[in-house]
Each structure stands twice: as C-alpha cells, then as structure tokens.
Amino acid sequence: MKRRTLALAAPLLALATTTAITAPAVAQQASRPWTNAKLSPDARAKLVLAQMTEDEKLTLVFGLFGTDFAPKNFKTPAEARPGSAGYIPGIPRLGIPAQWQTDAGVGVATQGGAERKRLRTSLPSGIATAATWDPALAFKGGAMIGAEARASGFNVLLAGGVNLLREPRNGRNFEYGGEDPLLAGTMVGAQIAGIQSNHIISTVKHYAINDQETDRFKMNAVLDRTAARMSDLLAFNFAIEKSNPGSVMCSYNKVDGLYACEQPWLLTDVLRRDWGWQGFVMSDWGATHSTVAAANAGLEQESGWPFDEQPYFREPLKAAIAKGEVSKARLDEMAHRILRTMFAHGLFEHPITAAPLDLAPAMLKAHADVTRADAEAGIVLLQNKGDVLPLAAAAKRIVVIGGHADKGVLAGGGSSLVYPVGGNAVPGLEPKVWPGPVMYHPSAPLEALRRQLPNAQITYVDGSDPAAAAAAARQADVALVFATQWAGEAFDVSLNLTDNQDALIDAVAGANAKTIVVLETGGPILTPWADKTAAILEAWYPGTAGGDAIANVLTGKVNPSGHLPASFPRSVSQLPKPSAPNEGETRYAEGAAVGYKWYDAKGDKPQFAFGHGLSYTRFAYAGLKASAPKGQVTVTFTVRNIGARAGADVAQVYVSGEGWEAPKRLGAFQKVALAPGASKPVTVTIDPRLLATFDGAANRWKIAGGSYKVLLGNSSDDIAATTTVTLPARTLPASWHP
C-alpha cells in the first residue's frame, strides 16, 4: 500500500498543478458572466461550472498539504503558502482563485516542520472564549483572526471547533466551546461569523461526535441518534445557523460504524436535507478512507494529501466516474458547492494579493489588545474566601510560585498552535515535536504583577521543591501558585495536575492561609486542595497577552466576569465514564445528558458547576416573568449591581420540562455590564428546540403541551428565581430554524 501511495503522488501533483498553474493565462473578458457580483452565488457557480472541464472540476475537490512531508516524499507546490496547512490550485483560465488554507483555532498557525514560522497573535483557547459568555467579544476575536489570515495570504481558515465536552480528559477540549449546545454553538458561531467578515471561508469542525483523542483515527463513536440531535448535533446546528460557515470539516472517527467522512446520515440526511446547509464538506487531514462511499455520502473535498493512506479523489474519482460508480452529476454538485461558497464569501471580489511572513507591528499591537480583552473576560474566579482578591495594597510581600510565571503563559499543542512574536518563552520542554512544541507565550504574569504593584516586594520560586516553596510562602503576605496542565491534539490528559503540582499546592496552602491558585489548563481538572486554598482563578490558555490579563484580574484593574462553560468534577467517579478513554468503540450511554445535565440527572454536585463564576461585586435579580405568545417563550427580568464596583454579570435562564434527558437545560443567557447601583432590564427568548425532544421516527421536534419551569440564576446550581409558563403542544420539522 505504501509503495502504491508513493507511486501515485507525483503524477497526481503534476496533474493538479498542470491544470491550474500552466494553463494559458487569458485576459479578463466580458464573456465571463460569472464575474457579475449582482447574480446569486448559485447562479454564478452554475455559469462557471458550465465552462469547466472534468479535470478542472477534479482539481477543486482534491486538496494538497501546504508543507513538504518527507515521510511520503511529498513536495508541496511552490504556489502554496510556506508552512501552511493546505492548498487547492486555482484555475486561471476561468479566473477561479486558489484556496490557501491555514489552521486557525485561536490564530494563524504554522506547521511545525516549516523552516520559518509565521509569528502571529493568539487568542485565548476556545474554551476561554466560551467562558466569556459574550458573543460580541467572540465575534471581535474571530474578526481579528480573519484579518491576520487575510494579511498573511490565506482565504480558508480551519477554525470553529464546536465538539461538546463529553469527555473532560479530551486533549482538544481547549479548542472547543464547552459542554452545552446553546453556549458552544452561539459562541463558536459568533467567532466564525467574525472570521468570515473578512471575505474568507471558515470551517466548523470536527463533524461529528469527535469527543476524545485516544484512537482518534478509527474510534467508533456510538450515540443514540435522537440523543445526538439534542446534544452534539444541536451544537453544530446552532453554530451553522449563527454563522453560515463556508465549509464543514468531517472528523477522523467513525460514527455508528462508518467513518464520519463517508457517513450519509451525517453528511446528507442531517447536514443537507434537514439543515439545508449549502456549503461544502472537506475532510480532516487523513480522514478520507474511500472514493465512491465518501463522494456519494456527501464529501466534496479530500484535504491535505498526502495524509490519507492513498489518494481517493482526483484520478481515483475520475476512474469511478468513468465506471458509473459516482455520477457526473455528483461531481458537478461537489464542484458547484465549492464554487458557490467561494462566491458567497467574497473570494472572487476580494482576492488575496500578498502573503508576507511578517505583519505590521501596528496590527500586532492592536490585536494584542483584542486578545487581552478576551482573556480578561474569560478568566473565571472559582473561589474567593474572605475576599482575598483583588490583591490589596496592604500585601507588601508576595511570592509567585511555579508555572513558569516568570517567563510566560501556557498554550495548547497540536495544529492550532500559534507561534508568538518573541518566540517560545520556555524553549526545550518535551515534547519538542508534534504535538509539541510545548509553547509558552512570552507574556509573564510575574513581570505584569510587578508593573501593577510597584510598591510590593514580589519574589519568584519555581515550585520544583514543595518544601522550599512552602518556606517562601511562610515569609509572604500572599502566595500565588501558578499551576499548569498541558493538553493538545492526538492525546488525552489526566484530570489530576501533573509534575507533583497537587502536592506543591498542598504544601504552600499549609504554610500560608492566603494561598491563591491560578490555573492554566485546557479544561476542567480535579482540585483536591480547594478547601485548603483561599482563592482559585481559572485562566485557561490565555493567549498572546495572557500575563497582563491575569495580573489585571488579580489586582482588580479588571473585575472578573468569566463563567464556567464546563463543570469541574469532584472526582472521576462522578463522570459517565470514570475510566480513561478507550480504544475501539466508545458508547455514550448518557445520551444527551452531557455535563451539568448528567450531574442534575444523577442528583450529584460537582466541585464547580457549569455557569459558575464569581465577581468582585454582587448582582441581584428581580421581576422574573415568562410569557409564550404563539408558543414563543419570552423571559424578562432586571439585573442590578448591588456592590461597590463596576462589573459584568452573566444572567442564565434555564428551562425545565417533563420527559427530558435531565431536569433542566440552558435556554438563554445575557452578559450585562453595570456600574455600581445601576440596573438593566433584560429580555431573552427561548429557542423552541430547547423545549422539545427530538422524535427520530417522525424526524421532527416535539413540544409537549403543559407547564414548564423557567429558572433564572448565576449558574446551573445557583438558581435565584423561578416562574412557570404554559405551552401548547407543538411540532417542528427537523429543518426548522429561527
């Protein structure tokens, strides 16, 4: 098989590049009616498709890796962006631009094997952005990524991770939007919309039920299809409705025994028939496993050759069409979907004209402000006994311990990694190669704290010796322990902190009652020392300006307003699957009861609940009312800041009905910024699908008539007010959308 793969690589590459690169250049002519931007994207795609040869259509559906790949003797075309994720040649004869693709989960990434790295701005991790509960901020972050991508020469971004946090040990949880479909879909959808505001295409990924990294290339995810509609797929549905992503990236894993990239239930029945989505499906890099099955199931673009076992599109697809195994009409549909997406998102009217490796310092400086604001809003104050935070001016002796806080802040590993301006602040950590390098962005919390608190004596201890750290803590007014947990693509993690950090925190907390723990993690962890510590701050992977963001929150320059997008368990025994992720087949018997819904259904209490987040001020709710004119539930209430500081609250509305997977679901949320003493009326509506169950046999949403509870609170386990609303029985087609 390997010999066959290598033999095919050269002629396939030659065919792709010959079609796109050496075709005679022709002048722009009035005879190109598809250049008329007043026509619909579908009409324009139809016009240009009619002029294309079969080989030109086949060029569009076969993507190349954008970086040389020595294991398969692959040399990327010179026209690809150096060190990039992917490249699809353009067709100059018809004025069709190339597609230049980059990984972009949190910023413009560079492949680790690239000789020279693009130094770009990194947003905080996806879960950190979700923790802001602020779609407007997510949009701004996406717009920033899109602007840097366009300025770097890219027009397709491999962004928009919306897989639910079913497995808290999943190594890629940091890329995603948490455990609730409404929150994840809303926040990730907003970021995709921001990306695409730059006239470029974004994906939404990884479709679908791709919730662990163990055995990721062939693991079979088994989840009741009705439950999937109300959980994992609902998150994708919300994200797609809110952003209209140009592409969906199908995932590595199998779903119900078929690879996701050849699963017709996912790609055709749900995505196209029920949701009416009009973009194109691309495979993840190495996720294509067939020609006929994949093409007929709904895959439009095989991505990242040579990562698949062998090429499946281009010449193999050409042969399958000649045999009648794939119809010519299907190839036309594949090419049409790609072309209409390129028209719809402005790739023709707003062409990429340059691809510099370096960006203007002014742009990078402005973007650092965007990512800092995102990080500040996503930091979650989990615990604050005795109001030890914000750091008081009276704290004259502060010891900062561990986490390389003297150097920078941690980032997640894998394809989303952004190489920072200034380089890796802590080089040489293992692993140095994929899914590494372990990266610390050079934004040191220690130095930021010293700038914020010039009158305090702030010392640093590396934390490698718990006894030495405890001794330093005894001499300080306040001890700050920075604890890190590196996660990344291709592996899953423990929920316990690594490198003896739990023992370090125990020792420091035993020596100083005012011990504050700052967590830099990719998702939930266990906190067995929570009762012994005064305060806990979850900073996630906070990005390019993360050190400044952490210091701003610790000192009170910024009032924390983040809320958890995922529950923190007390122990692994509370999880639906207490044991570590397994190989082979994973059955999700919990169905749609993901995260807080699982805890509610079991009557169990996590360490820190979904939606939890403290502030340096206090908020109160009043006047909760719910009505349902024509069956549409509208909820009104007032939020008041009853504390002494300006701050922002996340008001969370939950709904409760009979016969659901759990006692309640998140139905709506609103982030509200208020000055001390100020109040604001809030009105939110509940998506009717969040009041329904999915009827798989009838392929529709079903709302039972009767009384429903509407609950208003600060988190899933802190409900401040409850009211009821009566709804008529109602059904909605699977294709329903707002």
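Reply: The model is a predicted one, in which local features need pLDDT of at least 70 and side-chain atom pairs count only at pLDDT 80 or more, while totals for chains, interfaces and linings use all residues. Residues are numbered from 1 along each chain as its sequence is written, and side-chain values use heavy atoms, with hydrogens and water left out.

Me: What makes a residue buried, and which residues of helix 17 are buried?

Reply: Buried means under 20% relative accessible area, exposed means over 50%, and partly exposed lies in between (1.4 Å probe, protein chains only). In helix 17 the buried residues are Gly 546, Gly 547, Ala 549, Ile 550, Ala 551, Asn 552, Val 553, Leu 554 and Thr 555. They pack against helix 13, helix 14 (445–452), strand 14 (409–410), strand 17 (478–485), strand 18 (515–521) and strand 19 (535–538). Helices (H or I, at least four residues) and strands (E, at least two) are DSSP runs numbered from the N terminus. Just after helix 17, Gly 556 has a positive phi of about 90 degrees.

Me: Why are helix 13 and helix 17 called oblique to each other?

Reply: The axes of helix 13 (residues 361–378) and helix 17 (residues 546–555) come within 9 Å and cross at roughly 45 degrees. Axes are lines fitted to C-alpha atoms, for helices over the stretch in contact, and angles run from 0 to 180 degrees between N-to-C directions. Angles under 35 degrees count as roughly parallel, over 145 as roughly antiparallel, 65 to 115 as roughly perpendicular and the rest as oblique. Helix 13 and helix 17 are therefore oblique.

Me: Which residues make the contact between helix 13 and helix 17?

Reply: Helix 13 contributes Arg 372, Ala 375 and Glu 376, and helix 17 contributes Asp 548, Ala 549, Asn 552 and Val 553. Contact means heavy atoms within 4.5 Å. The residues of this contact divide into three nonpolar, one polar and three charged. Ala, Val, Leu, Ile, Met, Phe, Trp, Tyr, Cys and Pro count as nonpolar, Asp, Glu, Lys and Arg as charged, and the others, Gly among them, as polar.

Me: How do you know that Cys 250 and Cys 261 form a disulfide?

Reply: A disulfide is a pair of cysteine sulfur atoms within 2.5 Å. The sulfur atoms of Cys 250 and Cys 261 are 2.1 Å apart, and the pair forms a disulfide. The torsion about its S-S bond is about 105 degrees, so the disulfide is right-handed. Cys 250 lies in strand 7 (residues 247–250), and Cys 261 lies 11 residues away, in the loop between strand 9 (258–259) and helix 9 (264–274). Both cysteines, Cys 250 and Cys 261, are buried. A search of the whole structure finds one disulfide.

Me: Why is Tyr 599 called buried?

Reply: Tyr 599, in helix 18 (residues 596–602), has a relative accessible area of 5% and is therefore buried. Leaving out residues up to four places away in sequence, Tyr 599 touches Ser 567, Pro 569, Gln 574, Leu 575, Asp 604 and Pro 606.

Me: What makes Gly 631 count as buried?

Reply: The relative accessibility of Gly 631 is 8%, so this residue counts as buried. Gly 631 is in the loop between strand 21 (619–627) and strand 22 (634–641). Apart from neighbours within four places in sequence, Gly 631 is in contact with Leu 727, Pro 728 and Arg 730.
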